[in-house]
Amino acid sequence: CGVFGVWGHHDPAPMSYYGLHALQHRGQEGAGIVATDGEALRAVRGEGLVNDVFDEQKLKALEGKAAISHVRYATAGGSGLANVQPLLFNSTTGSLAIAHNGNIVNATDLKRSLERQGSIFQTTSDTEVLAHLIKRSHLQSFEERTKQALRLLKGAFAFLILTEDFLMVAQDPNGMRPLSLGRLNGGFVVASETSAFDLIGAEVIRSVEPGELLIIDDTGVRSSFYTEDRGRAICSMEYIYFSRPDSDIDGINIHTARKRLGIQLAKEIQVEADIVTGVPDSSISAAIGFSEQTGIPYEMGLIKNRYVGRTFIQPSQELRERGVKMKLSPVRQVVQGKRVVMVDDSIVRGTTSRRIVNMLKEAGASEVHVVISSPPLKNPCFYGIDISSDSELIAANHSIEEMRDLIGADSLSFLSVEGLLQAVGRSPEYKNCGQCLACFTGEYPTSIYSDTKLPHEK
Ligand code: 5GP
Ligand code: SF4
Ligand code: MG
């Protein structure tokens, strides 16, 4: 998912609309904006792309001085309009809207406890748990109640919380999902990716820190930490695949990091070929790096039809398979008779690689060498990237040689975990350079299941 927030701007809804456009790649299933004029909160939400959900009239209805917004990529909780965010809770003691990127791994346990105490949930999403925890807390101030609630959550979360009076921004204790703070005219913006800042002319200030809570209101930004138990484990897949190439995470540009992944791969493996081609769009940066390092020319062997959504998002295997065919086409005259290195960012189920190898061979490639700019994905992710079961992961159940055979390639190579860390280039001051590597190594930065007890539970 992607989140965007703005405080202290005279046109918060149009700013959010542009911001969400720059985050559209993070979720295509739904979008929403909740805005406030200081008196009430108003929402526009819908299923589909940002362009499908909003028009000028709808944005007009959201006038005010602040807003939070969201693009949805359904992982926990499934799809449907009730789960489109931001979630909005109206009550006589003040309204509350929440937008969330990530996945709370103990949501089911917390929900069960809350329901035992009488909470009634409106949605099946894990996000709603935070609202109930805040509402049920016995502490005095909203800030203390929110901090207490945040301490109960396990997993990955970047939260934006909007009321009539302030915008709160919370990052999980490991900073697993990207979240940046920026400045726009006299006001402030927050976004999952800095690409959203560039589009609206905002200036990056910094990343929101693990365990940090920001409170933004008409007096400015106030920072504090809600826990002492802080680490650093940004999702590696953000660098490898998920984020936009023009975004920066902790000052590292995504395209540049991906290019270094390709350079590192070229140092780790040996392959003879005539051309290098990347699978558009996410693998082009790595392919350029691989070409630069090996001296094998980069060519446009594959083109993408931009008007088809991301294959991974579509639910069934059958649709996924059809999606890939609609999305990519080989450039016959480029690949004919050539030994082709095909660079892709990752192999999940193996569907994409298998189809592309097949496609390139049908178009006349004499050899296809598949080179992957990440280590094998052997373990499920519980933190909001949609790989939740081992059985879907081809690398969890097959050796590299078996995988090579299954996708029909002449050779298959992956990047090493050490190579990944070195190429991304984050500071070695933290464990694993402050990256989550769980889907590669099986070492999870948080507990995965928990039976958290509520403070107000008898
Ligand atoms: P596969 O086809 O092997 O199941 O998936 C790998 C391909 O899907 C890669 O080309 C990658 O760019 C793309 N992809 C789309 N969404 C995701 C995602 O959420 N995670 C990963 N690792 N790859 C994804
Ligand atoms: Fe990202 Fe993998 Fe960690 Fe999930 S397990 S947060 S995909 S690095
Ligand atoms: Mg891809």
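Visitor: Where does cysteine 433 lie?
Guide: In this predicted model, cysteine 433 sits in the loop between helix H16 (417-424) and strand S23 (435-436). Although cysteine 433 is not a glycine, its phi is positive, at about 55 degrees.

Visitor: And how many C-beta neighbours does cysteine 433 have inside 10 Å?
Guide: Cysteine 433 has 19 C-beta neighbours inside 10 Å, so it counts as partly exposed, given that a residue is buried at 20 or more.

Visitor: What about asparagine 185, what is its phi?
Guide: Asparagine 185, a residue other than glycine, has a positive phi near 50 degrees, and its place is in the loop between strand S9 (180-184) and strand S10 (187-191). With 13 C-beta neighbours inside 10 Å, asparagine 185 counts as partly exposed.

Visitor: Switching topic: which residues are around ligand 2?
Guide: The residues around ligand 2 include Met176, Cys235, Cys381, Tyr383, Cys436 and Cys439. Helix H8 (236-242) and helix H17 (438-441) are the elements that give two or more residues to this shell.

Visitor: How many of the shell residues are nonpolar, polar or charged?
Guide: The shell around ligand 2 has 9 nonpolar residues and 1 polar residue, with no charged ones.

Visitor: And where does ligand 2 lie relative to the domains?
Guide: Ligand 2 lies between domain 1 (2-242) and domain 2 (252-423), because both domains give residues to its shell.

Visitor: Back to the backbone, what is the peptide bond from glutamine 85 to proline 86?
Guide: That bond from glutamine 85 to proline 86 is cis, with omega near -5 degrees, and proline 86 is in the loop between strand S4 (66-72) and strand S5 (87-89).

Terms used
Residues numbered from 1 in each chain as written. Chains lettered and ligands numbered in written order. Predicted model: local features only at pLDDT ≥ 70, side-chain atom pairs only at ≥ 80, totals over all residues. Near = placed C-beta within 6 Å. Helix = DSSP H or I, 4+ residues; strand = E, 2+ residues; numbered from the N terminus. Nonpolar A, V, L, I, M, F, W, Y, C, P; charged D, E, K, R; others polar. Domains from an automatic or database assignment. Buried ≥ 20, exposed ≤ 12 C-beta atoms within 10 Å, placed from the backbone.
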